[in-house]
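This report covers the sheet, the helices packed on it, the nonpolar cores and a few single residues. The model is shown first.

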Amino acid sequence: MKNTMKKISEVKISANELDEAKMIKAQSRAVYEQIVKNYTFKSVSKRAIARADFPERIDIEGKSVDAMIALGQRALLEGGSVFAYSDKKMIRALFIVDKKEKSFECKHAYISPSISSEDLLLIEKDVKRQIAMLVYYAQLENGFYMGKKAPRLQKKTCRLAWLKALLIALGVGACTYVVAKSIPGSILVAASQFVMWFSILRNTLLLVEETEEENIWNISKAA
């Protein structure tokens, strides 16, 4: 369990998601291999948090539900995010991320005592990753979680990306020729596949946190 807090994680993100104009949309669907197996992650939208039944789904003690929602709505209106972790449709953890001039900051974390310490470590790891993605897409300087710097994303270039993309393109092109019996068509399909896969394979990001010990987590994009 100690290694969950000491890591360099690898995240594969498609070229389309790197488009700054699609920052918020990309972040909202940037749910990779689920880290927290016992809870469902959701990036809460302005519409969802304003629904009449939203307060009824929050099962967290220690603070007024209305106060949580007010802080969340303000964060969303100012370009921030609200992350929720639910179990059996009930929200057990709520994280409010405010957008500042040069950073994203999570200073409000509401967690049900029913969450185990092991799951809480994983949830906090996931929230830090989400903050890192927000910072990267918005091209800001830093992200913070409860007063401490969150990990950051760095772009990594795969040296064999062109070769892998070429092999995939040739395979798809060959299959297209077998089915369509058209050389121009198979060449066109192979070329488009090469461009697409080359872009995808080149756009690999590393989630980096400075630690005394390094542990690598491979996180693949969910279908």
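## Sheet, helices and cores

Strand 5 and strand 6 (residues 142-145) run parallel and are joined by 4 bridges. Phe104 has Gly143 of strand 6 as its bridge partner. The model is predicted.

The open sheet to which these strands belong has 6 strands, in the order 2-3-4-5-6-7, with mixed pairing. Its edges are strand 2 (40-44) and strand 7 (148-149); each has a single partner strand, so one side of each lacks a neighbour in the sheet.

Two helices can be described relative to the sheet. Helix 4 (residues 65-77) lies across strand 2, strand 3, strand 4 and strand 5, and runs at about 40 degrees to strand 4. Helix 5 packs on the sheet and touches strand 2, strand 3, strand 4, strand 5 and strand 6. The direction of helix 5 makes about 155 degrees with that of strand 6.

The largest nonpolar core has 21 residues, and Tyr85, Phe95, Ile123, Val127 and Ile131 have the most contacts inside it. At least two residues of this core come from each of strand 3 (81-87), strand 4 (90-99), strand 5 (103-111) and helix 5 (117-138). Helix 5 gives the most, with 7 residues. Another core, of 17 residues, lies apart from the largest one and includes Ala48, Phe54, Ala75 and Val82.

Tyr110 is placed in strand 5. Leaving out residues up to four places away in sequence, Tyr110 touches Ile60, Lys63, Met68, Leu71, Arg92, Ala93, Leu94 and Ile96. The C-alpha atoms of Tyr110 and Glu61 are 8.3 Å apart, although 49 residues separate the two along the chain.

| Residue | Relative accessibility | Class |
|---|---|---|
| Tyr110 | 11% | buried |
| Cys106 | 0% | buried |
| Cys175 | 52% | exposed |

Why does Tyr110 count as buried? Buried means under 20% relative accessible area, and Tyr110 counts as buried because its relative accessibility is 11%. Exposed means over 50%, so Cys175, at 52%, counts as exposed.

How many disulfides does a search of the whole structure find? The search finds 0 disulfides.

Methods. Residues numbered from 1 in each chain as written. Predicted model: local features only at pLDDT ≥ 70, side-chain atom pairs only at ≥ 80, totals over all residues. Heavy atoms only, no water. Core = buried A, V, L, I, M, F, W, Y, C linked by side-chain atoms within 4.5 Å. Buried < 20%, exposed > 50% of the residue type's maximum accessible area, 1.4 Å probe, protein only. Pairing = 2+ DSSP bridges. Contact = heavy atoms within 4.5 Å. Axes fitted to C-alpha atoms, helices over the stretch in contact; angles between N-to-C directions. Disulfide = S-S within 2.5 Å.
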